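Please consult the sequence and the coordinates alongside the text.

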Amino acid sequence: MPGNKITNVWQPTLLRRAIKDAFLKLNPVILRRNPVMFLVELTSLVVTVIAISDLFNGGNFKLDAQISIWLWLTVLFSNFSEALAEGRGRAQAESLRQARKDAIAYKLRADGKTEQVPATTLRKGDLVMVREGEIVPSDGDIIEGIGLVDESAVTGESAPVVREPGGSICGVTGGTRLISGQVKVRITVNPGQTFLDQMIMMVESAKRQKTPNERALELLLIGLTVIFIVVTVTLVPFAHYLNVSIPAAVLIALLVCLVPTTIGGLLPAIGIAGMERMLKNNVVALSGRGVEASGNVDLVLMDKTGTITLGNRMATEFIPTEGVTKEDLAEAAMLSSLADDTPEGRSIVDLCKRTLGIRGRDIRAPEDSTFVPFSAVNRMSGIDIGSREIRKGAGDSIEEYVKMKGGSFSDGVRAAMESISREGGTPLVVAEGSKTLGVIRLKDIVKPDIKERLTSMRKLGIRFVMITGDNPLTAAAIAAEAGIDDFIARASPGAKLEAIRKYQKDGHMVAMIGDGTNDAPALAQADLAVAMNAGTQAAREAANMVDLDSNPAKLLDIVEIGKQLLMTRGALTTFSIANDVAKYFTIFPAIFVLQYPMLNVLNVMHLSTPTSAILAAIIFNALIIPACIPLAIRGVSYKPATTEALLRQNLLIYGIGGLVTPFIGIKIIDILVMMLNLA
């Protein structure tokens, strides 16, 4: 989509808007959504009043004014991080709005004629005609005609897709273009409810609900803040007992340095950036529940076709019967498949060409031939060439056909069929008249990278269950080849729903993907439910995420993005809390060292003066927020690993990093403070 081009965090236009919004977010009504930074704003106001009082009544105006300035900057840097993430989303929203600008619809009237109306006036149930080259005016289902649709304006994908009535590929999205054909579309949404509208609302971020994990982390931050408020307040009588006077501004500086301002300032940006990463993968999250579940999922129900396999069975082998050569079987199979335009039929022709050594040649049926199309009743197709009758199809159908012609079914063919079925393939039998020629092996091709991806994600504690309508033999073979933990064969809509309920009852967070009306009950039950945009309206309404690319394998990407979001949040939380250690060694000695010189042993950074130490700590506390913005927006590198390994990584990288960085940073700032004569 156009918005995907926005990758640079520091684009001038984004920066200018983010700086402006950072000041607008100083509004207490807005800022109170972030309790930690709301506290910092209140303390900033108090210190500002103290500094003004110093100016007229005497006092350490220079120190208090500088503390006031850096406290305000701490709040502004926090607002800036959120505004910058929102600005990127807002730029995406503008790109999406452009896709809808001046859209026109050709609405069908009761008399069968069309009238030109603005697309934004279309309502659920309206019928519109879309002709070749026109923009689809709104979301809907095709009820008549077949069209080739270019979805690149919405999904970013350049390859056009076929959409037709019925099934799971009837859905079209407003803003896409019909590049071939003519279709009648029934609108399925009211104004303001299209997927583009929902995408715009999501990327603008302001209406994004907090997820349960965010709320839990927020409670942790509030708890830590309350603890440090108590510590700071009780320090006053303790200092009085020791005959030490602590200026109010210094006490507030201590409080702000101790509360988890870094993660408090970056938490909104982390959440917004997670939403943006979903959108960059062309996934629209319709609820905060889905976003949260994507990071907490530990069990994934995966459809076989299109997710684990490439989606089409391919011919991989000819097995001739006794007295028939492979070349004879290949020739008969090719003739019977020339008019078969299905992926399976084309793969049979390709295998025939390779077997017969005629690759690259355009093979045509004889002039006196008649094609016999596939019928769901007799479950076979073929070709008649003069007196020759060649058929291919399901084993029992071909056996009945051969016996009707006076022939018999060989034991070798039965054995080959059983062997192919046991190995997870599909046998197609070829016969000419009363003679059985052999068997074609059709095989579901497992995606080349699926096993490696599942293995890597299994390190995160995720189990995978394949759910398919295939027979148990085929399901078992595909599951084994792909490295699936378990499978459910011959699954009905009810079986999918019951399976999800059972797993949830056992304590699992379950993800599922679907596209049809029959998937809707299971999607509504799943914790993470991803619907295909090309699917039915029922599936889209039941899900909490919609994949605009309609790619079933996207579920793995969604789970990875969710895990990365949680990893980023955990990493920066670890970093923020570890930061406090250095501040203990900065401010506490600075407060008490004049009265008790022996406490100078705690001044491990050898800071110049108590005043420079306090300023260095408060300046570092403010600057670390914008320094971490790129990491918060980009996210930590995703590396599948166990919970224990991730914890070790957090402690080693962000824990130790959070300990060391402020020692270095505060020392450097202390030197600069003295050089600039600020203390």
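Helices (H or I, at least four residues) and strands (E, at least two) are DSSP runs, numbered from the N terminus. This is a predicted model, in which local features need pLDDT of at least 70 and side-chain atom pairs count only at pLDDT 80 or more, while totals for chains, interfaces and linings use all residues. Residues are numbered from 1 along each chain as its sequence is written, and side-chain values use heavy atoms, with hydrogens and water left out.

**Helix 13**

- Helix 13 comprises 14 residues (343-356), and its end C-alpha atoms are 20 Å apart.
- Buried residues of helix 13 are Glu 344, Gly 345, Ser 347, Ile 348, Val 349, Leu 351, Cys 352 and Lys 353. Here buried means under 20% relative accessible area, exposed over 50%, and partly exposed in between (1.4 Å probe, protein chains only).

**Cysteines**

- The search of the whole structure finds 0 disulfides, a disulfide being a pair of cysteine sulfur atoms within 2.5 Å.
- Cys 352 is buried because its relative accessibility is 0%.
- Cys 257 also has a relative accessible area of 0% and is therefore buried.

**Helix packing**

- Helix 8 (residues 248-258) and helix 21 (residues 554-592) have axes that come within 10 Å and cross at roughly 165°. Axes are lines fitted to C-alpha atoms, for helices over the stretch in contact, and angles run from 0 to 180 degrees between N-to-C directions.
- Helix 8 and helix 21 are therefore roughly antiparallel; angles under 35 degrees count as roughly parallel, over 145 as roughly antiparallel, 65 to 115 as roughly perpendicular and the rest as oblique.
- Residues of helix 8, including Cys 257 and Leu 258, meet residues of helix 21, among them Phe 588 and Ile 591; contact means heavy atoms within 4.5 Å.
- The axes of helix 16 (residues 450-458) and helix 17 (residues 472-482) come within 8 Å and cross at roughly 70°, so the two helices are roughly perpendicular.
- Ile 450, Lys 451 and Leu 454 of helix 16 contact Ala 480, Glu 481 and Ala 482 of helix 17.

**Positive phi outside glycine**

- His 606, not a glycine, has a positive phi of about 55° and lies in the loop between helix 21 and helix 22 (610-634). With a relative accessible area of 61%, His 606 is exposed.
- Asn 677, in the segment after helix 23 (643-675), has a positive phi near 55°. Asn 677 counts as exposed at 53% relative accessibility.

Definitions and conventions:
The expected span of a helix is 1.5 Å times one less than its number of residues.
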